[in-house]
Amino acid sequence: MRKATLIQNPLVLNLVVMIAYLVTAKLALGMAEHGYASPFWPPSGISLAALLLGGMGMLPGVFLGAFFVNWQVDSASVTALQIAFGNSLEALTALLLTNKFITRRYFFNDPHNIFKLTLIAVVSCALAAVIGSHAVTDWSSSGAMDQFKRIWLVWWLGDLVGILIFTPLIMVFAREYKSPDSSLLEVFGYTIASIILALIVFGGWTVVEMTHAPLAFLPIPLLIAVGYRFGYRGSTLLVLFIALSAINGTLAGYGPFVSEDIPQSLLIQQVYMCCISLCGLLLCSVILEREKARAAMQRLSAKLEIGINRATEQLREKNETLQLQQEALSSTVQELKTNERRYRALFENAPEAVVLFSLEQDRFIDVNDNALKLYGYSREELLKLSVRDVSPEEQPDGTLSAERAKYHIEKALAGDYESFTWTHINSRRDPVACEVRLVPFPAIDDVVVRGSVTNIEQRLKTEERLLELTTYDALTGLYNRNAFLQFLEQNVKEAERSGFEFSVLVIDLDGFKRINDSMGHDHGDRLLCAVADRLRACCRSSDLIARLGGDEFTLLVKAEKDIDQARLADKLLGALSEAFDIGGHSIFLSGSIGISHYPVDGIESKEILKNADLATYRAKSAGGNSYQFFTLEMKERIERQMQLEMELRHALTLGQLELFYQPQIDLSTNSLIGLECLLRWNHPQEGVLYPGTFIDVAEQSGLICQIGEWVVHQSCQQAAQWQQEIKQTLPVSINISARQFQDHVVLEKQIKEALDCTGIKPSMLELELTESMLMDNVNNAITVLSNLRKLGVRAAIDDFGTGYSSLSYLKQFSTDKLKIDRSFINEIEQDLDDAAIVKATIAMAHGLGLKVIAEGVENEGQKTYLQQLGCDEIQGYLVSPALPADELIEFLYREGYLAE
């Protein structure tokens, strides 16, 4: 298939034409006699043959070949372009005229078409000769016109000879011209005769000087013999051989064309080659016409003879019949003839293969043309065979063909004409899937069965492909989602009848998206295939494995106890935890598995799969690399989250969200240095909800981006309002979600718009980013923090100590502050480990030039201890809980953090 496609590629074909043009042109130029033009120009014939075979799409190859040849000869690009244009126009003109005036496919079989082709070549070559001669003539010389005429004549005849010799040669070998059968000995004999004759006429192998041009026509008798014996292919090859022999002999100083007047010798050679090639073409066309007429006469004679014999026999039979009962039998004979013609027409024109099989003779007694095509035999060969000769020993289901054939024939004879599938074998012994229908056929002295046979290979392939597409996953070869749902529904119905139990396990790969994004989808696809192989290895043959989509797989296993399910889940997790070798990379994965059990966790297929999905989600939320059994609590939790998501969407539009503010205090001066914005949801039924209740829902649903944008604008607007109303500058810090940080272009745009809209200084805004968020994509974090620093916005690392920061990266982050998580502050006075961590964090931050703020400070002991450790700032209930904006201002005035 690849070779065929390559050969049919237009670019490749044009390249072949160009190379052929270059090679033959070089060879022709090498035959130029003493600096004069070449006796013939093969590229003209190759160009026309290329266009006749490949159409006008081959024109670029002709043009480029002509250009490069003439450019190498003259090194003048303009001249080369002119000549290339003329040569391309010659081929195009010849193609268009041939298509218009010669309509037969094998037009070399008709002498009229030979003359037409010759006239077309004369016209097109004259056109190319005018353009080419004009391009190379030195018009500044005094004898420019004589020079032009001389060049034109030689050019014209050279191109004409090229077309008359090479176009038929290429066409008869490229097309399916039938040549008479001949032995190797004959070919060898004619070849030796051709060589000897060429040496005599053009090679100087005689004592008589071959100096007269008519002597060059001595090869004509041999050309006639070759034309009769080998047809066009032999004739065109001999014409080429004679032409080359004439040129070679003349160059060597032998033959009838040798003359001191080289131009005259060249012209005589060209005229001779035109005559000899035209003679060969006309001779072969006449021979073919004669052979066709003779064959037609033979066929007609044979038909007439058969018809006469048949008519004579019919007349004899009719005469005998008429002697006995002329009137009655006449109508009967006519009716039988009509019925026979009708039957034969139906028999031969049936769309399927039709055979008549004799049980007594154990062979086919009649077949139509479709049967010959189906089995690949001739009519004579097939009528000598029986059913067992065109059937394998066994059918695909394992039954013996002989027994199956006997069974179906007996059913047909009993009146059961039901169709059935049958595998035949053709003449190449290839199996052919068929659909067969047998019916008894009326016969007087024999038991005959009529079989209608339809080739259903393509239909079976189509059905198989459709089944594959609708059943299997194209990537992994596992069952797909639709097939799994069908099998699950079948198992539910069977379980209802028989009472067995089964489990559904849904497996979701942890971290697959990260691998897919970082290494590319090609590696991701190979990884999915490797996962599918490991799942197969872990399961029994009775277990059903499918790929639901993406990186989610599912299993249906018959297991009656939780311990069986747990063992299988542990086995699957262990298999997934081993390294995968993908493209030379060792990739580590884990999985989250959810398990639901029929009938405990549901009695409907969709419910069972949904509950397994819920359990998978729970396992993934727990950190992955684990499995969870479905519980009713999971369902209630999901329903709760869905309800919260719906209400949260309304909260955005109904204005139920509100920002509370918690003061941040400088420990050294006990002065207010900023406020952290904390989100609250004023739920109409449940009251004030804290972020821990709904932030996860917002993250999973994507609402966090809209909420984050609202927080940015609202906090900046509130800071601007305070600056205008109480004439105080109150910096605000806001928490940025991971989703907001990932789309940093949108985040930066939102911050710019908020600052421009409110008019506050960028230094009044501080963004709090979690440690894990920064480490998830370090390069992206460095870029975003650098851009924020350019804007003048401050940044702080929130919940420091809960992640796994690398100090080598931490020093590259453009941040202003570290925020120690409250989990280290709660027991700082009693827990020496917490105290050591806090102390080390403060020392490290100060070493990097960063401020340190501790959150969750609730008593004086914690505050005093932090002062001793050198902590810069604190916030927490010791100072104040988070308050609404109006209450916050009253508190700050009352506690003296704001001056009247």
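Let me begin with the lining of the largest cavity, whose residues divide into 13 nonpolar, 3 polar and 2 charged; here Ala, Val, Leu, Ile, Met, Phe, Trp, Tyr, Cys and Pro count as nonpolar, Asp, Glu, Lys and Arg as charged, and the others, Gly among them, as polar. The model is predicted, with pLDDT of at least 70 needed for local features and 80 or more for side-chain atom pairs, while totals for chains, interfaces and linings use all residues. Numbering runs from 1 along each chain as its sequence is written, and side-chain values use heavy atoms, without hydrogens and water.

A cavity is a set of points, on a 1 Å grid over the protein atoms alone, where a 1.4 Å probe fits but cannot get out; a pocket is an open set with protein on both sides within 12 Å along at least five of seven lines; lining residues have an atom within 4 Å of a point. The search of the whole structure finds 5 cavities of 30 Å³ or more. The largest cavity has a volume of about 210 Å³, a volume being the space filled by probe spheres set on the points, which are joined across faces, edges and corners. Its lining comprises 18 residues, and Val387, Phe420, His424, Val436 and Leu438 lie nearest the centre.

I turn now to the largest pocket, which holds about 950 Å³ of space. Among its 37 lining residues, Glu676, Leu678, Pro691, Asn735 and Asp798 are the closest to its centre. By class, this lining has 18 nonpolar, 9 polar and 10 charged residues.
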